[in-house]
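Reader: I have a structure to go through with you. Could we take it topic by topic?
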Amino acid sequence: MVVRVRIRNAETGATVDMELEGENSVEEIIEGVSAYWEKDPGAYVIRRGRRLLRGQQKVQDLDLTSSEELELIPDPEGGSR
Amino acid sequence: MLGKYFQGMEDVIRPGEPDLDRLDRTRRIGWVDLDAVQRSKILVVGAGALGNEVVKDLVLFGFKHLDVLDMDQVVRSNLNRCVLFREGDQLSGKGKSDLVAERARMLNPDVEIKPLQGKVQSLGPKELTSYDMVLGCLDNIAARLHLNANSYYSKVPYIDGGTDGFRGKVQVIIPPVTPCLQCTMNRSHFRVMEHRFSCTGQDTVFYQPKMAAEITTTSVVAAIQVREAVKSLSGMDVVQHVMYYDGLKGTSDVLLLEKDPGCPNHLV
């Protein structure tokens with residue numbers, strides 16, 4: 001099973017299409033697009049509509065369909081210093 | 001209205017009287033359970049940017065019993081976003097938590113606020129169970145995970161705030177109902193943590209990057225944290241489960257999470 005989804009960069013609005021297999025995880029999507037966009041090292045999450053996806057979830061368990069759009073969001077960790 | 005005059009001396013009212021009551025305008029918000037707010041004991045962890053704003057909002061709202069924990073002292077670069085710090089505090093030798101407590105008492109002398117000097121890791125279930133709610137105002141993932149695990153285990157609601165430049169996030173964790181902070185984390189979070197704690201073979205080096213931080217996002221995120229605390233204590237529905245704020249776009253989104261079946265905090 002191969003699905004082609006679109007990933008949106010929440011910071012820039014840029015998009016990229018990504019081919020995924022059932023065994024791929026959300027973490028691999030994060031790493032793939034972070035590398036593609038040369039993102040600064042940091043914490044990121046993936047949003048699907050109104051849901052935030054767990055990193056360990058597999059594509060096959062998510063029932064992702066081709067042409068769906070996911071969004072890469074930075075996960076802010078500052079606040080004290 | 002006239003009926004009140006005939007019910008006894010206690011019910012006599014005077015013109016302008018509502019303006020003598022510090023919390024009159026808060027009392028006008030029908031759903032706020034001000035008694036519950038005033039009875040509650042709140043722990044604020046972190047007395048930096050978010051901690052300053054959170055304490056300011058808690059005190060002005062009417063909270064009366066606060067503890068605030070921090071291990072640091074003020075540096076001058078804190079002054080662009082910390083409403084309770086003053087020029088010269090960086091030379092005072094006082095801890096952030098002491099200064100926050102001191103200035104909070106100036107906002108309302110009736111507030112009982114205890115400064116605690118120490119690391120987040122000093123807080124275990126024994127310490128946390130005495131609180132009704134914990135507000136996390138931290139700056140790193142390791143400290144968040146510690147507070148998350150211990151407050152979840154202690155069944156104490158935990159409201160976590162985070163900022164990065166013009167972006168912010170608030171997650172409301174109500175054990176045992178909601179997913180916890182760790183449920184949302186993935187390898188990218190743990191990689192950041194690994195980067196912060198690097199082992200040289202002889203020693204563990206803690207790398208603390210200087211992050212973008214400013215007051216507008218800080219105040220928005222802190223205000224949401226305090227508002228969610230008020231809602232929870234008043235029996236209102238809280239944010240389910242996490243709110244992301246984008247100050248550049250001027251948008252916020254509330255996103256649903258699910259519990260991670262492998263998360264150790266949900267195995268107990």
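Reader: Which residues have the most contacts inside the largest nonpolar core?
Author: They are B:Ile42, B:Val44, B:Val55, B:Val68 and B:Val134, in a core of 84 residues. A nonpolar core here is a set of buried Ala, Val, Leu, Ile, Met, Phe, Trp, Tyr and Cys residues joined through C-beta atoms within 7 Å. Buried means that 20 or more other C-beta atoms lie within 10 Å of the residue's own, with C-beta atoms placed from the backbone. Helix 8 (residues 215–233) of chain B gives the largest share of this core, 7 residues. Helices (H or I, at least four residues) and strands (E, at least two) are DSSP runs, numbered from the N terminus.

Reader: Before we go on, what kind of model is this, and how is it numbered?
Author: The model is predicted: local features need pLDDT of at least 70 and side-chain atom pairs count only at pLDDT 80 or more, while totals for chains, interfaces and linings use all residues. Residues are numbered from 1 along each chain as its sequence is written, and chains are lettered from A and ligands numbered from 1 in the order in which they are written.

Reader: Back to chain B: is helix 3 buried or exposed?
Author: Helix 3 (residues 49–61) of chain B is mostly covered, with 11 of its 13 residues buried. Among the buried ones are B:Leu50, B:Val54, B:Val55 and B:Leu58.

Reader: What covers them?
Author: The cover includes strand 1 (41–45), strand 2 (65–70), helix 4 (96–107), strand 4 (133–136), strand 5 (158–164) and helix 8 of chain B. Just after helix 3 of chain B, B:Gly62 takes a positive phi of about 125°.

Reader: What is the strand order in the sheet?
Author: The open sheet has 8 strands in the order 3-2-1-4-5-6-9-10 (chain B), with mixed pairing; two strands pair if DSSP finds at least two bridges between them. Strand 3 (112–117) and strand 10 (251–255) of chain B are at the edges with a single partner strand each, so one side of each lacks a neighbour in the sheet.

Reader: How many bridges join strand 6 to strand 9 of chain B?
Author: There are 5, and the two strands run antiparallel. One pair of bridge partners is B:Val170 and B:Met243.

Reader: New topic: how many residues of chain A are in contact with chain B?
Author: 24 residues of chain A are in contact with 38 residues of chain B, contact meaning that C-beta atoms, placed from the backbone, lie within 7 Å. The elements of chain A that give two or more residues to this side are helix 1 (26–36), strand 3 (44–48), strand 4 (51–53) and strand 5 (69–74).

Technical notes:
Two residues are in contact if their C-beta atoms, placed from the backbone, lie within 7 Å. A residue is buried if 20 or more other C-beta atoms lie within 10 Å of its own, exposed if 12 or fewer, and partly exposed in between; C-beta atoms are placed from the backbone. The expected span of a helix is 1.5 Å times one less than its number of residues.
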